[in-house]
Amino acid sequence: MPDTKKYIENLSGAGKCIGVLTSGGDAQGMNAAVRAVVRMGIYVGAKVYFIHEGYQGMVDGGDNIKEASWESVSSMLQVGGTVIGSARCKDFRTHEGRLRAALNLVQRGITNLCVIGGDGSLTGANLFREEWSGLLDELVQSGQISEDAAQTHSALHIVGMVGSIDNDFCGTDMTIGTDSALHRIIEVVDAIMTTAQSHQRTFVLEVMGRHCGYLALVSALACGADWVLIPERPPKDGWEEQMCQKLSENRADKKRLNIIIVAEGAIDHNNKPITTDHIKDLVVSRLGFDTRVTILGHVQRGGTPSAFDRILASRMGVEAVLALLEASPGTPACVVSLCGNQAVRVPLMECVQMTQEVQKAMDEKRFEEAVKLRGRSFENNLNTYKLLSHRKIDTELPRSSFNVAVLNVGAPAAGMNAAVRSAVRVGITEGHTMFAVSDGFEGFYKGQIKEIKWGDVGGWTGQGGSLLGTKRTLPAKHVDKIAEQMRIHNINALLVIGGFEAYLGLMELQAARSKHTELCVPMVMVPATVSNNIPGSDLSIGADTAINAITDTCDRIKQSASGTKRRVFIIETMGGYCGYLATVGGLAAGADAAYIYEEPFDIRDLQSNVEHLTEKMKTSIQRGLVLRNENSNENYTTDFIYQLYSEEGKGVFDCRKNVLGHMQQGGAPSPFDRNFGTKIAAKAMQWISKKLKEFYRDGRVFANTEDSACLLGMRRRALLFQPVVQLKDETDFVHRIPKEQWWLRLRPLMKILAKYKTSYDVSDSGQLEHIVRLRAKDSSAI
């Protein structure tokens, strides 16, 4: 069979010129995208130009369009906003403006544009592309360019990346800046919660989102808000009464604070705006609660980009350059977007039309359709919020008479508590009696099991660590006692939230089913570990928080190194034998190298890294950052590498080392981990309800099939239930890692962006997908 793989080595940008601009409202992560475009462009041999101040700079020309160098994008990664400036440009909307812009580009030989902005900026770029040949004809006629120049530059290629904190663009799961904006919102909400709790206050928070409620919805999910108002789902008539009733019920339930989140574009059923002041007046007049309003405003656009946004923007920037290299004159303008965990290309105008359709549907009061058009990710967030927010009165609940136990196993991971809260509340809504097991399997066999109610998990989403307590103990030795506890408490299903021990534990429990009928119940595991080393899942709860902790620390360390000059830091990360934290942390922090177990290295590699850093010190970037996974090599320890670098770098640079340790497991969970934990646990609970009905025979639950003990994992674009038995072949049990790991494909990106020549398989890139197909595929998207 012929080798159909495509490699970066076979793609050349020689003779091509790429212009990169940021346009419209700024968003954190734009700089990471600019950096990736510049470095990838230079790497493949193209010339890359900064176009300062967006389209205004393109129209004005002159010093606004400057050639970029490798070093000119150094230290941009951790800066919010856009370093090359952005402006809303009236001139570009006129034909004369676009004519001047075309002249400025042709004079510099630029026929490839990478536009980072919102839908307005991208629509403008597409119009420019459609007019291009006509504009060149005009320039030839007026004698401003020659016939030859018009021939040489006859086609304009455009690739877009969506930079917008609102996440209001159809065709991509996440836009650049959204995750960082959620970080800002959640930091504020966490801070407000402590003061609200002290005074028993109600807070009404207004977040950005004129036409899109994504930020409001996800932040409400991530902080367990009492009420949320978004433009896509106007509340029904009489909502004021319902909201006040909910707030007073929560207060009666010993909850000392209320949080109401309002999108700035929130409307009622008659398309009339709902303001924060209106809500405050309502709460004060009807309930008499002490109420305060906080408008977050431009805080949400500011600050340093989150790790997720840096990686997303870096991946998209590299993909954008690939798309430009492969474009032919007939290729439509495309947008590089994210679907699940995969970078894809979608036609720009399809995305823009779909985005405009959402607005049209909302204007015409077709709100349910608007939610569907927003995409599965938005719809699932909304459904999960509805599921968790409305506490039913006992008489309304279906009584299932099933008992479901939840436990945490392994090391603590941020987001575990959000998952437990979600599971408990969904379980109660489905009519089950929920039991919490303390301290993992150890607490299980000791009988530390008690019923857990709706109110018991209030305020859990923002808490780090594991409130139930967690241990690494495996069940095999204590299986008799565990079976006895299952019988005593009549446990009909198990939900295990944890890391590799949880995975092994589920296998051991399944193997013991032949001896103990008590274990013949539906069991499901949700992966939660900072190491992200669970077979069957691309991501685990807790990994995003750990990556952010690593990135924040690396930012500070880089700043310290820049101050002292000529300094290289060696940083050791956690992860067992799994190199995820070192690799992805390295990509987000702009590391020069990351040593991991999965990619064996020898003394020659270490030597070449030292030489690489020696060369780097001759440039204006006089600092280095090297990450090492804790178990990457038993002989090349962190101390060894530190001593080697210190000796070899004598007279050129000095060295420092830093072991990050358990700070990677602690801290408040990131918005992503809260949201991911909440959604994945809700889905797991719904699966349990389905299986309980399926396996209920003659007055009892009996489940002995392979598919009744599953792991729920995120695979590329969807959440899938996979029987643990079937995952055995995918597991390296000695090193506690999956045999194949998707993120290894990101390693060449890190090397390219650090100026190493490397082989990079780009076979996954390049297919232009249509939005309709994207929608159809992600029926189980998160």
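Helix H20 (residues 603–616) has 14 residues and spans 20 Å from its first C-alpha to its last, close to the 20 Å expected at 1.5 Å a residue. The expected span is 1.5 Å times one less than the number of residues in the helix. Helices (H or I, at least four residues) and strands (E, at least two) are DSSP runs, numbered from the N terminus.

This is a predicted model, in which local features need pLDDT of at least 70 and side-chain atom pairs count only at pLDDT 80 or more, while totals for chains, interfaces and linings use all residues. Residues are numbered from 1 along each chain as its sequence is written, and side-chain values use heavy atoms, with hydrogens and water left out.

Which residues of H20 are buried? They are Leu606, Asn609, Val610, His612, Leu613, Thr614 and Lys616. Buried means under 20% relative accessible area, exposed means over 50%, and partly exposed lies in between (1.4 Å probe, protein chains only). An α-helix has 3.6 residues a turn, so residues three or four places apart point the same way. The cover over the buried residues of H20 includes strand S18 (567–573), strand S19 (593–595), strand S20 (623–629) and helix H21 (638–648).

Ile641 is a residue of helix H21. Its relative accessibility is 0%, so Ile641 counts as buried. Contact means heavy atoms within 4.5 Å. Apart from neighbours within four places in sequence, Ile641 is in contact with Ile570, Tyr595, Leu606, Arg628 and Tyr636. One of these, Leu606, is also among the buried residues of H20. The C-alpha atoms of Ile641 and Lys657 are separated by 9.4 Å, and the two residues are 16 residues apart along the chain.

Another helix residue is Asn104, in helix H3 (residues 95–108). Asn104 is buried, because its relative accessible area is 10%. With neighbours within four places in sequence left aside, Asn104 is in contact with Met58, Val59, Asp60, Gly61 and Ile65.

### Aromatic pairs

How many aromatic pairs does a search of the whole structure find? The search finds 15. Rings of Phe, Tyr and Trp (its six-membered ring) pair if their centres lie within 6.5 Å; planes under 30 degrees apart count as stacked, over 60 as edge-to-face and the rest as tilted.

The rings of Phe402 and Tyr696 have centres 5.5 Å apart and planes at 80°, so this pair is edge-to-face. The pair links distant parts of the chain, 294 residues apart. Phe402 is in the loop between helix H13 (376–389) and strand S12 (403–409), and Tyr696 is in strand S22 (residues 696–697).

The rings of Phe500 and Phe733 are also edge-to-face, because their centres are 6.5 Å apart and their planes are at 70°. This pair too links distant parts of the chain, 233 residues apart. Phe500 is in helix H17 (residues 500–511), while Phe733 is in the loop between strand S26 (731–732) and strand S27 (737–738).

| Residue | Relative accessibility | Class |
|---|---|---|
| Phe402 | 10% | buried |
| Tyr696 | 40% | partly exposed |
| Phe500 | 2% | buried |
| Phe733 | 36% | partly exposed |

Elsewhere, ring pairs link Tyr55, Phe92, Phe128 and Trp132 into a cluster.

### Two residues with positive phi

Most residues other than glycine have a negative phi. Asn271 has a positive phi, near 60°, and lies in the loop between strand S8 (258–263) and helix H9 (276–287). Its relative accessible area is 29%, so Asn271 is partly exposed. Asn532 also has a positive phi, near 55°. Asn532 lies in the loop between strand S17 (523–527) and helix H18 (543–564). Is Asn532 buried or partly exposed? At 3% relative accessibility, Asn532 counts as buried.

### The second largest cavity

The structure holds two cavities of 30 Å³ or more. On a 1 Å grid over the protein atoms alone, a cavity is a set of points where a 1.4 Å probe fits but cannot get out, and lining residues have an atom within 4 Å of a point. Grid points are joined across faces, edges and corners, and a volume is the space filled by probe spheres set on the points.

The second largest cavity has a volume of about 30 Å³. Its lining is made of Leu312, Arg315, Met316, Ser337, Leu338 and Ala343. Helix H10 (307–326) and strand S10 (334–339) each supply at least two residues of this lining, and H10 gives the most, with three residues. The lining has four nonpolar residues, one polar and one charged. Here Ala, Val, Leu, Ile, Met, Phe, Trp, Tyr, Cys and Pro count as nonpolar, Asp, Glu, Lys and Arg as charged, and the others, Gly among them, as polar.

Terms used:
1 Å grid on protein atoms, 1.4 Å probe; cavity = no way out; pocket = protein on both sides within 12 Å on 5 of 7 lines; lining within 4 Å.
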